[in-house]
Amino acid sequence: MAERAALEELVKLQGERVRGLKQQKASAELIEEEVGKLLKLKAQLGPDESKQKFVLKTPKDFDIAGNFDPMIPDAECLKIMCEILSSLQIGDFLVKVNDRRILDGMFAICGVSDSKFRTICSSVDKLDKVSWEEVKNEMVGEKGLAPEVADRIGDYVQQHGGVSLVEQLLQDPKLSQNKQALEGLGDLKLLFEYLTLFGIDDKISFDLSLARGLDYYTGVIYEAVLLQTPAQAGEEPLGVGSVAAGGRYDGLVGMFDPKGRKVPCVGLSIGVERIFSIVEQRLEALEEKVRTTETQVLVASAQKKLLEERLKLVSELWDAGIKAELLYKKNPKLLNQLQYCEEAGIPLVAIIGEQELKDGVIKLRSVTSREEVNVRREDLVEEIKRRTGQPLRIC
């Protein structure tokens, strides 16, 4: 028990170190190294037998012995990624794919020692941001790689294309002799066949420079990048990096299985924050405000003691299918109610006052133009629907 408690404390401390490095925006290489240490500690810790056991389950048609097509789930993930990015309408994109086995095989035949695989991998992964000469200088000058080894790597990692490149590398006299690389190339060829059937092969590029820093990937890896962001005159280009990524990590989940079974896994993630940055920049360029609500009209009052009247009116609007709301304060100031509409992007304000109640009208105000008109109460729903007939821009 004492030994386990000590390991749990080490896992906790290492986890805090990884989080601290991420907050400090430390180098990807350092973070990757510390994450690797954390995973090793967790593997040593193993499952806590005192806690409730869980059973790792796989799909009913899955054969743990390996009698299944390994690329169907990967192709489905890429199809889903393309569908999501297309639906967001944030610009043209390209999904780059590679395989960690191809990378490892390539490093091996080029003469990279096993101990340098991951550090050289992190250098190669920078090729989408800096030139090959800068990457080579880092590998040789900072990481001690022989220049001729770096040149051999450069011959490979500067190549990209489609299934024709996969077939070309399958005939490469050196790479085709490496078992890992041959397995990866075989799977990629099969993957491209499925991508063609799914109708998305034109969105996919086999890119030998794609490395993905995390050490738990075991097979196919991929990330999506924007070819261009929607831009207006005077708008600065927005460099947000990849907007989606993922891959295969067959060895990760099994670390938490008491029997150590290999559980194949593949997944993807969408860069929500980066996509928001693109959308916000586009709206700023168009001088459009980002709406944070679908509300079409705010029911407001011009004097005190009109909470019941506001509640009656908002209920009428809800019953008519109008997206309406009101502030929860009993006697909010009119200025505060108008400012709330401007901040939230609510286009209309229905204002109730003592005089309006007497006259049987509602004062309808456009938040953008600040124009106000009196509308008969029985005509209010029709007028709001007329004014909000255009599709709303919601983010």
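Trainee: Is Arg17 buried or exposed, or something in between?
Mentor: Arg17 is partly exposed, at a relative accessible area of 40%. Buried means under 20% relative accessible area and exposed means over 50%, with partly exposed in between, using a 1.4 Å probe and protein chains only. This is a predicted model, in which local features need pLDDT of at least 70 and side-chain atom pairs count only at pLDDT 80 or more, while totals for chains, interfaces and linings use all residues. Residues are numbered from 1 along each chain as its sequence is written, and side-chain values use heavy atoms, leaving out hydrogens and water.

Trainee: Which residue forms a salt bridge with Arg17?
Mentor: The partner is Glu34, with the closest N and O atoms 3.2 Å apart. A salt bridge here is a side-chain nitrogen of Lys or Arg within 4 Å of a carboxyl oxygen of Asp or Glu. Glu34 is buried, at 5% relative accessible area.

Trainee: Which helices hold the pair, then?
Mentor: Arg17 lies in helix 1 (residues 2-23) and Glu34 in helix 2 (residues 28-45), 17 residues apart. Helices are DSSP runs of H or I with at least four residues, strands are E runs of at least two, and both are numbered from the N terminus.

Trainee: Which residues are linked in a network with Arg17?
Mentor: Salt bridges link Arg17, Glu33, Glu34 and Lys37 in a network.

Trainee: How many salt bridges does the count come to?
Mentor: The count is 25 salt bridges. One of them joins Arg377 to Glu316, with the closest N and O atoms 3.0 Å apart. Arg377 is in the loop between strand 11 and helix 14 (380-387) and Glu316 is in helix 11, so the pair ties together parts 61 residues apart in sequence. Arg377 is partly exposed at 23%, and Glu316 is partly exposed at 38%.

Trainee: Changing topic, what is the order of the strands in the open sheet?
Mentor: The five strands run 8-7-9-10-11, with mixed pairing. Two strands pair if DSSP finds at least two bridges between them.

Trainee: Which strands stand at the edges?
Mentor: Strand 8 (324-325) and strand 11 (372-376) do; each has a single partner strand, so one side of each has no neighbour in the sheet.

Trainee: How many bridges join strand 10 to strand 11?
Mentor: Five bridges join strand 10 (residues 361-366) to strand 11, and the two run antiparallel. Leu364, for instance, has Val373 in strand 11 as its bridge partner.
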